[in-house]
Amino acid sequence: MTELNAAMVERYRSNFLKEVEANVEEGEWVKMCMQCGVCAGSCPLGNAWEHTPQKIFMMVRAGEREAVLNSDAMWMCTSCYNCIARCPRGLPITHIMHGLAHYAKRMGLAPKEQPTAKFAQLFWDNLVKKGRVNELKLGISLYFMNGFSEGIKTSLKMKDIGLGMLKTKRMSPMEMLGGHGVKDSAGFQKMLKKAQELEDKRISGSTD
Ligand code: SF4
Ligand code: SF4
């Protein structure tokens, strides 16, 4: 268990709803859910998930902290906004789902092998290096994220698209040597550091 997660467990004891309300984006809306099931019925992918948004909100209220934060359901949300458009209580369901995924990640409880979670980490690692996404490196790391042989197979499968992009100058192999970045790289890193400090302060404030 990470130090932060242990502090949150200690802080909120068995009141997971309160923890969500205080720390998850739009989490204060969860208590407004009346369990009508409209979101579950409207979600185009809900049937393929372990838990629909309706069930996730019920689990939050029932204090099923580990089951919620370990779930891959929040990572499957495609932000289609069907649920938000139809919820009779006006819950910002999409934002809560992403907020829960983000919170699970911060607590070190997000499912390690979930593809969206893995890709989100790759995207972030790529972006923070220079302040701009290096698409070539990101594409390659995506192909190889499930191992070397899987990466080779995917690369071969995608080779025609890659060659087409090279031909039409939509991709440059020179990006492998470094690639573009923002002009003020030091300022960008300073901004990230400040944001991290503010976030740490906010979290430690909520664990006092
Ligand atoms: S549609 Fe809204 S009120 Fe109904 S179950 Fe979903 S979140 Fe709750
Ligand atoms: S926004 Fe996410 S949770 Fe809502 S209906 Fe679309 S995929 Fe489902």
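This is a predicted model: local features need pLDDT of at least 70, side-chain atom pairs count only at pLDDT 80 or more; totals for chains, interfaces and linings use all residues.
**Entry 1: contacts and the model.** Residues are numbered from 1 along each chain as its sequence is written, while chains are lettered from A and ligands numbered from 1 in the order in which they are written.

**Entry 2: overall build.** I found 12 helices and zero strands in the protein (DSSP runs numbered from the N terminus, with H or I of at least four residues for helices and E of at least two for strands). The C-alpha trace spans about 55 × 40 × 30 Å along its principal axes. An automatic or database domain assignment sets the domain bounds, and the protein is divided into domain 1 (3-111) and domain 2 (115-198). I read a distance of 29 Å between the C-alpha centres of these two domains.

Entry 3: I call a residue buried if 20 or more other C-beta atoms lie within 10 Å of its own, exposed if 12 or fewer, and partly exposed in between, with C-beta atoms placed from the backbone. Of the 208 residues of the protein, 22% count as buried. A nonpolar core is a set of buried Ala, Val, Leu, Ile, Met, Phe, Trp, Tyr and Cys residues joined through C-beta atoms within 7 Å. The largest has 31 residues, and Met74, Ile96, Leu100 and Ala104 have the most contacts inside it. Helix α7 gives the largest share of this core, seven residues. I also looked up Ala104, which touches Leu69, Met74, Leu109 and Ala110, not counting residues up to four places away in sequence.

**Entry 4: the two ligands.** I count a residue as near a ligand if its C-beta atom, placed from the backbone, lies within 6 Å of it. Around ligand 1 there are 15 residues, of which Cys33, Cys36, Val38, Cys39 and Cys87 come nearest. The largest share of this shell, three residues, comes from α4. Around ligand 2 there are likewise 15 residues, with Cys43, Cys77, Cys80, Asn82 and Cys83 nearest. Here α7 supplies the largest share, three residues.

Conventions. Two residues are in contact if their C-beta atoms, placed from the backbone, lie within 7 Å.
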